[in-house]
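Subject: Structure for you to look through

Hello,

Here is the structure I promised. Please open it beside this email and follow along.

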2 protein chains.
Amino acid sequence: MKASSLGERGIIELIWSVLGDRPQNNPAEMVLPLPDDASAVKMNDGNYLVLKTDMFVRRTDAPKGMTHHQMGVKAFAMNISDLAAKGARPFAFLFSLGLPKSYRVSSIRSLIKGLSLASAEYATPILGGDVGEAKDLIVAGFLSGAAKSLVRRSGASPGDTLAVTGRFGNTASAFKILFEGKSASSDLTHLLLSSVYNPRARLAVGLAVAGSHAATSSMDSSDGLAYTLNGMAKASGVGFAVDSLPLSNGAMAFAKLHGLDPNGLALFGGEEYEIVYTIKQGGWSFAEKAARDAGGELIRIGEVVNGKGVFLRDHKSENPIPDRGWEHLRAT
Amino acid sequence: MKASSLGERGIIELIWSVLGDRPQNNPAEMVLPLPDDASAVKMNDGNYLVLKTDMFVRRTDAPKGMTHHQMGVKAFAMNISDLAAKGARPFAFLFSLGLPKSYRVSSIRSLIKGLSLASAEYATPILGGDVGEAKDLIVAGFLSGAAKSLVRRSGASPGDTLAVTGRFGNTASAFKILFEGKSASSDLTHLLLSSVYNPRARLAVGLAVAGSHAATSSMDSSDGLAYTLNGMAKASGVGFAVDSLPLSNGAMAFAKLHGLDPNGLALFGGEEYEIVYTIKQGGWSFAEKAARDAGGELIRIGEVVNGKGVFLRDHKSENPIPDRGWEHLRAT
C-alpha cells in the first residue's frame, strides 16, 4: 500500500497509532490532546511551552507566481498561525532548509529575507536552523511560544457563539485564476492573488482573544473552513449551526462574474490563515472588543448546538456542510 | 550562482549575514552565539530552553542498506547528540515528515517505529509533527531540552585537557566498504557497518560531564573529528595539540587489511555522534568519573595550547590537522 492511498490524514493517524503504543507518547496524556494545532508542555513557572512544526514544500505550497520572498514569509506565517490560534506568544523560530544543489543563491537570499521580514512582523527571533540537500525546496519551520493558558480545539458547549477572524473565499477564487485559467478585472485579480501570495497570521487578534478568556475552543482555518468547522465540532462532541457564511467581497464578485456558488469558495478553499472560535455565553462583548482593540475583528457566523455535524441554516432549511478540504498526499 | 558553489557552510554563512541585519536576529546577542550546536533561550525560572533542528534526508543521510527502522532511530539521535553536547536534557521531540506519494506504508510504519524506539531510549516524548508531500523521504526533527547551565562551543583555555567520549574511524571504514567496494571479514564488516546503521547519541555521558562543571567547551563530532577540533579551536581562539588520536580497534584492523592510514579514517569520517570536550585544569578527575558513572568514558587525546590551529604532535614533530570534513550540497 502506498502513502497516497492513505492521504495526509490517514498517515497522521497511522503515526499516532504506532507512537501511542509507548507510554511516553500516550496522546491522551498530552497537555493539548491530539488532534490539535500545536503541542504543549507545562513549565516550572506554571506557563505552557507551546511547540509547532509546519513544513513548507515549494512544489505543493507555493502557487504559481509566488516569489521566494513571499515563500519565506508564508513558511513563517504558517507556523505563527497555529500558535496564534492557541493563544501562545511565539518567542523562537528555527528552520530546516532543504535545497536542491542547483538552486540559485539569489533565490535563497530572497527566501531568507522573507523569513527575516516575517520574523520582524511577528516579533519572533530566528535562533537557528539546519541546511541539507533535497530535491525540493523545503522549509520545515519550528516555532516555540509561551502561554499562560491554552485555548484547545475541544471545549465548545451548546449556546456558545461561533465566530471567525476574517472573511473567506479569496484564496479559492485565486486558485481558479491560477489553475483553471479563469479571469477577472485587473483590480479583482490583484486582490484575489494577493490572498495566496501574501498570507498573514492573526497573531495580535489570537493573543487578544485568548487574553479575554472568552474563547472555549479554537482552530486555525488553513485546511479550509468546512474542514475546520467539522474538526472543531467533532472535537467537542457538539453541532455547529452556521447562520451566515463570512464571504469576502472578492469571492462574491468573482462568483457573480463566473456564475459560481460563493459559499463553495468560502468553505472549500484552504490556505486562509484565519482563526475559528467558539465564544462562551456572556463572553462575546469581551472577545469582540479584544479583537477590535488588537486591530482585527471577530465576525459572528453561528452558534454551537446539541447534536453533531455542521450545517448551514436559514429560516427554511438546514444543509449539512461536509467534512472536506484540501489534503496533501492524496491520490487524485 | 548555484547552491553547490557555496556548499552547506557557505549557505549557512549567507543565511546569517541576511538575518543579522535585523536586530531581533542579531547573532551576537544570542545565548549560544553562532556557530554552536544548538540555540538557547533563558527562561523565567533561570534555566535555559535549548532548541535544535536537524534534517534527515534519506538520499544523503541513509547509507545503502539502512532499514527504515534505523533511519527513524538516526533521525532522532542526530538531534539528541547536539543537545547532549550542550548538557541539555531533552524533553520534547517534534518532526516534519516529507514523503513521496508512492512511498510504501509499511516503510513509513517502520520509520515511525524507529522514531518511537529512540524516543523511549532517550526518554523524550514525541509531541507532534507535520506531514507533507516531498520528492525525498525527509525527517526534519525539532528537539527541545532544558539545562541549568550551558557548555558552549567556545570557552577553552590553554592548559585545558582535550577529550572525546569514544573512538573514531569505524564509520569512515564502513563507507569504504559501502561505497568503494572494499571488503573485510564478516565479523569486522558487521562491526563497521553497525556504526553507520545504528548511531547512538551520548546523552547520559553528555549530561553527566555537564553536571561535573568541568567542561569549558564542547561540540558534537558528527561532521567529522578534524572539522570538529578545528571548529572548537577557532571558536575559542586557541590551538589544540593532539597527542594520541582515539582510533577504534575496527578502524585499526581495517586500515591494516587495506594498507590505509588509520589516522585519516579517524579524522575525516563523519557521522560519529561522539562529543569533543575541553576540560579545565583540576577538573579532569571529576569529568572522567562522571562519564564513567554514566556508563561511558572520557578519553584524553591532547591539550589546549596558545596559538591557533590543530596539530598532531609526537616527540619528533607537529603535523597540522586540516579543517576538512564532509559537507552537504558541495559540488563534487
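Is Thr165(B) buried or exposed? Thr165(B) counts as buried, because its relative accessibility is 1%. Here buried means under 20% relative accessible area, exposed means over 50%, and partly exposed is in between (1.4 Å probe, protein chains only). Thr165(B) sits in the loop between strand E6 (161–164) and helix H5 (170–180) of chain B. Helices (H or I, at least four residues) and strands (E, at least two) are DSSP runs, numbered from the N terminus.

A caution before we go on. This is a predicted model, in which local features need pLDDT of at least 70 and side-chain atom pairs count only at pLDDT 80 or more, while totals for chains, interfaces and linings use all residues. Residues are numbered from 1 along each chain as its sequence is written, chains are lettered from A and ligands numbered from 1 in the order in which they are written, and side-chain values use heavy atoms, with hydrogens and water left out.

Back to Thr165(B). Its side chain makes a polar contact with the side chain of Glu274(B), at 2.6 Å. The side chain of Thr165(B) also reaches the backbone nitrogen of Ile275(B) at 2.9 Å. A polar contact is a pair of N or O atoms within 3.5 Å; within protein, one must be able to donate a hydrogen and the other to accept it, and residues adjacent in sequence count only if both atoms are side-chain atoms. Leaving aside neighbours within four places in sequence, Thr165(B) is in contact (heavy atoms within 4.5 Å) with residues including Arg202(B), Tyr277(B) and Leu298(B).

Next, strand E7 (residues 215–220) of chain B. 6 of its 6 residues are buried, so E7(B) is largely enclosed by the rest of the structure. E7(B) pairs with strand E9 (residues 275–279) of chain B in the antiparallel sense, over 5 bridges. Two strands pair if DSSP finds at least two bridges between them. Ala215(B) has Ile279(B) in E9(B) as its bridge partner.

Now the open sheet in chain B. Its 5 strands run in the order E1-E2-E5-E3-E4, with mixed pairing. Which are the edge strands? They are strand E1 (39–42) and E4 of chain B, and each pairs on one side only. E1(B) and strand E2 (residues 48–57) of chain B pair in the antiparallel sense over 4 bridges. There, Ala40(B) stands opposite Val50(B).

Helix H4 (residues 105–121) of chain B lies across E3, E4 and E5 of chain B, at about 170° to E3(B). Axes are lines fitted to C-alpha atoms, for helices over the stretch in contact, and angles run from 0 to 180 degrees between N-to-C directions. Buried residues of H4(B) include Val105(B), Leu111(B) and Ala118(B). The partners of the buried residues of H4(B) include helix H1 (3–19) of chain A.

That brings in the other chain. H1(A) lies across E3 and E4 of chain B, at about 150° to E4(B). Leu6(A) is in helix H1 of chain A. Beyond four places in sequence, the contacts of Leu6(A) include Val105(B) and Arg330(A).

Last, how do the chains relate?

Best wishes
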